[in-house]
Amino acid sequence: MDDASALSPDPIRPGIGTSGTARNWPLNSWWVAAHGSEVSEKPIMRWIMELPIALYRTESQEAVALHNRCPHRWAPLHMGEVAGDRLICPYHGMEFEPSGQCMKVPTQDNTPSAIRIRAFPVEERYGFIWIWMGEASLADPDLIPADLAYLEDPAWYNVWGYKAVNANFMQIKENVLDLTHFSFLHKNSLGVTDWNRPPKVESANGRVTYSQFFENSPLAAIYAAAANKTPGKIVNRETWGTQLSPGAHHSAVNIYDPDPEPNGLSECFARVVHLTTPVSVGKTHYYWVMARDHGGPYDVEQTRAFIGKVFAEDVTMLEATQDMARRAADQDEALEFSVSADRAGVTGRRLVAAMTDAEKMQQE
Ligand code: FES
Ligand SMILES: [Fe+2]
């Protein structure tokens with residue numbers, strides 16, 4: 001027999017509940033377009049904020065981001081080749097330089113200067129290619145959060161991964177601003193069960209930070225292995241997380257052991273970075289990085305498999321809530337009740353909304 005629970009209404013809109021169906025991200029901000037290792041002389045395509053972007057590297061390894069639509073007959077340029085610094089259209093061979101200017105029309109001697117495509121500012125930093133989708137003159141590289149410098153610190157180890165998510169980027173950001181879901185959503189995978197009270201929340205300079213100190217708390221197995229300590233050992237744990245920008249968030253787990261083993265660590269630090277870039281209102285590129293100052297290099301495949309499994313629990317839930325917003329006929333009238341544990345998430349949502357609204361007002 002078929003499963004009656006599987007039959008649902010067609011998606012009626014790309015909405016996300018309280019955030020509605022409109023763009024809820026600012027364009028004037030740095031967003032992660034790709035991990036550096038994904039971009040080479042062979043162009044790739046990424047949908048970012050509902051625009052097709054071609055990414056490639058020049059001869060000198062500079063990353064380039066161009067609108068991935070040839071202005072001649074709209075061929076996706078990433079299907080073409082890179083020669084020197086130029087991207088060559090696969091259809092009739094027009095050649096574009098990194099500025100977006102067409103330099104050659106193969107069938108004629110003159111190249112009208114009007115033939116050009118949009119080039120997007122890009123910066124490569126902390127292992128990632130960051131893109132600026134808004135007004136190019138505002139693209140100040142110093143706006144990429146310097147807080148992530150440990151990703152380039154040789155004393156730290158890190159591993160990255162990616163998930164394609166069918167949910168709005170803000171849902172992921174709110175998810176990582178409220179870790180009280182650990183005790184429920186991740187109760188079997190993470191084994192961190194003491195997040196049962198709202199954290200302290202502070203907001204300043206367009207950022208929001210939660211923090212919580214767990215005194216004399218049993219060390220969860222996921223933190224114990226790299227620290228070379230026994231799971232369940234009583235330690236002090238400092239945790240915090242900061243929404244650094246609309247596209248970047250990182251969180252900390254700092255362990256302080258009052259009774260270290262001989263030659264054991266008395267303190268060790270770990271970070272989790274969440275880099276979220278809208279594809280559209282209901283879809284998000286989700287890059288993550290795990291980083292730590294101890295325990296040696298990560299086993300990349302094993303870490304990706306484990307984190308992939310844990311984050312799949314988040315993604316399954318976020319996609320289910322997104323789906324709820326799309327399909328339920330009474331969604332527009334439905335209320336969202338927030339509680340104390342949502343303070344950081346709600347603040348984060350307001351900060352991004354304020355940036356987005358200010359930008360939209362300026363454009364009107
Ligand atoms: S579509 Fe690109 S050159 Fe014709
Ligand atoms: Fe989670």
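This is a predicted model: local features need pLDDT of at least 70, side-chain atom pairs count only at pLDDT 80 or more; totals for chains, interfaces and linings use all residues.
Local features required pLDDT of at least 70 and side-chain atom pairs pLDDT 80 or more, whereas totals for chains, interfaces and linings used all residues. Residues are numbered from 1 along each chain as its sequence is written, chains are lettered from A and ligands numbered from 1 in the order in which they are written, and side-chain values use heavy atoms, without hydrogens and water.

The protein chain divides into domain 1 (24-138) and domain 2 (153-363). These bounds come from an automatic or database domain assignment. Taken over C-alpha atoms, the domain centres are separated by 32 Å. Contact means heavy atoms within 4.5 Å. In an unreviewed entry, UniProt places the feature "domain: Rieske" at residues 31-131. UniProt positions follow the numbering used here, feature names are shortened, and annotations may be inferred rather than shown by experiment. The end C-alpha atoms of residues 31-131 lie 5 Å apart. This span is 0% helix and 43% strand. Helices (H or I, at least four residues) and strands (E, at least two) are DSSP runs, numbered from the N terminus.

The largest nonpolar core holds 43 residues. Such a core is a set of buried Ala, Val, Leu, Ile, Met, Phe, Trp, Tyr and Cys residues joined through side-chain atoms within 4.5 Å. Buried means under 20% relative accessible area, exposed over 50%, and partly exposed in between (1.4 Å probe, protein chains only). W130, I131, L148 and L275 touch the most other members of the largest core. Elements that each supply at least two residues include strand 1 (30-35), strand 11 (128-132), helix 1 (169-177), strand 17 (267-280) and strand 18 (283-292). Domain 1 and domain 2 both give residues to this core, so it lies between them. Beyond four places in sequence, L275 touches V32, F128, W130, L148, G247, A248, H285, Y286 and Y287. A second, separate core of 35 residues includes V176, M290, V315 and A344.

H274 sits in strand 17. H274 is buried, at 7% relative accessibility. Its side chain makes a polar contact with the side chain of Y286 at 2.6 Å. A polar contact is a pair of N or O atoms within 3.5 Å; within protein, one must be able to donate a hydrogen and the other to accept it, and residues adjacent in sequence count only if both atoms are side-chain atoms. Beyond four places in sequence, H274 touches residues including V176, G247, H249 and F311.

G247 occupies the loop between strand 15 and strand 16 (248-256). G247 is buried, with a relative accessible area of 1%. Beyond four places in sequence, G247 contacts W31, K173, H274, L275 and T276. G247 and S29 are 218 residues apart in sequence but 7.8 Å apart in space, C-alpha to C-alpha. S245 belongs to strand 15 (residues 234-245). S245 is buried at 10% relative accessible area. The S245 side chain reaches the backbone nitrogen of A248 at 3.1 Å.

The structure holds zero disulfides. A disulfide is a pair of cysteine sulfur atoms within 2.5 Å. The closest cysteine sulfur to that of C102 is in C70, 7.5 Å away and too far for a bond. C70 is buried at 1% relative accessible area, and C102 is buried at 4%.
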